[in-house]
Amino acid sequence: MKIIRAKDYYDMSRKAANIISAQVILKPDCVLGLATGGTPVGTYKQLVDWYNKGDVDFSEVTTVNLDEYRGLPKEHPESYWSFMHRNLFDLVNVRPEAINLPDGTNMDAKAECARYDAVIKSVGGIDLQLLGIGHDGHIGFNEPCDVFELGTHCVDLKPETIEANKRFFDGNEELVPKQAYTMGIKTIMQARKVLMVANGVGKAEIIKKAFFGPVTPEIPASILQMHPDFILVGDEEALSLI
Ligand code: F6R
């Protein structure tokens, strides 16, 4: 585990974008695992900026996203499909056919999870997986539970996650979907490199618990302690307790 201290959110975003750019430069046809949420927005912004300056080229990259709300149409502004197009895909030259997310409109959970696992396998696995971390230690939508879930699966979102995400749904938790499809822990752990971004004092406690406490499915991110190439880029506040 490598921990990189950044001064602030902007510095964190630039450092993370540098690591992603290096991956794309070293292996132009790499597979990037991508995340949504508030934390990586600045990282994507920086990548778009470097793309516009001609410093990074996504023409051969394949992407696989971590998760998607179940039951939300792709075009919904809060679907992860929309988020990714708005923040990255529409702004760089990644090929539309090289973009992969779980299909939240497929209500057949078993079939959709099997399809998504097959997609990840068919692209040869993930070279670099970008992650955020939830306040309860979730990664993707792998919520605290009794066992580490392995492959793509359908989850019932915990009340805390619904509460945390309602800010994206006019502050109305009734509008937040109650289930999601998420990549599993095994798939994340099989990524050849894992890069987590974390900022703000609100993440300090969970960063300490996840990476300086026991490895337990009650704190899903804690498994990353065992990953051979895990990098955490955090700002001063998120790393303030370690
Ligand atoms: C997003 C995802 C989530 C977020 C986590 C942190 O695709 O999988 O695990 O990374 O909820 O979200 P933010 O960055 O909004 O604090």
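Phe230 is buried in this predicted model, its relative accessible area being 2%. The residue it pairs with, Phe211, likewise counts as buried, at 3% relative accessibility. The ring centres of Phe211 and Phe230 lie 5.2 Å apart and their planes meet at 40°, so the pair is classed as tilted. Because Phe211 belongs to helix H7 (residues 204-212) and Phe230 to strand E10 (residues 230-235), the pair ties together parts that are 19 residues apart in sequence.

Aromatic pairs also occur elsewhere in the structure, and the count comes to five. One of them joins Tyr80 and Phe141, whose rings are stacked, with 6.1 Å from centre to centre and 5° between the planes. Here Tyr80 lies in helix H3 (residues 80-87), while Phe141 sits in the loop between strand E6 (128-131) and strand E7 (153-156), so this pair links parts that are 61 residues apart in sequence. Tyr80 counts as buried at 10% relative accessibility, and Phe141 counts as buried at 2%, because buried means under 20% relative accessible area. Tyr80 and Phe141 also belong to one aromatic cluster, which they form together with Tyr69 and Phe169.

Note on methods
Residues are numbered from 1 along each chain as its sequence is written. This is a predicted model: local features need pLDDT of at least 70, side-chain atom pairs count only at pLDDT 80 or more; totals for chains, interfaces and linings use all residues. Side-chain values use heavy atoms; hydrogens and water are left out. Rings of Phe, Tyr and Trp (its six-membered ring) pair if their centres lie within 6.5 Å; planes under 30 degrees apart count as stacked, over 60 as edge-to-face and the rest as tilted. Helices (H or I, at least four residues) and strands (E, at least two) are DSSP runs, numbered from the N terminus. Buried means under 20% relative accessible area, exposed over 50%, partly exposed in between (1.4 Å probe, protein chains only).
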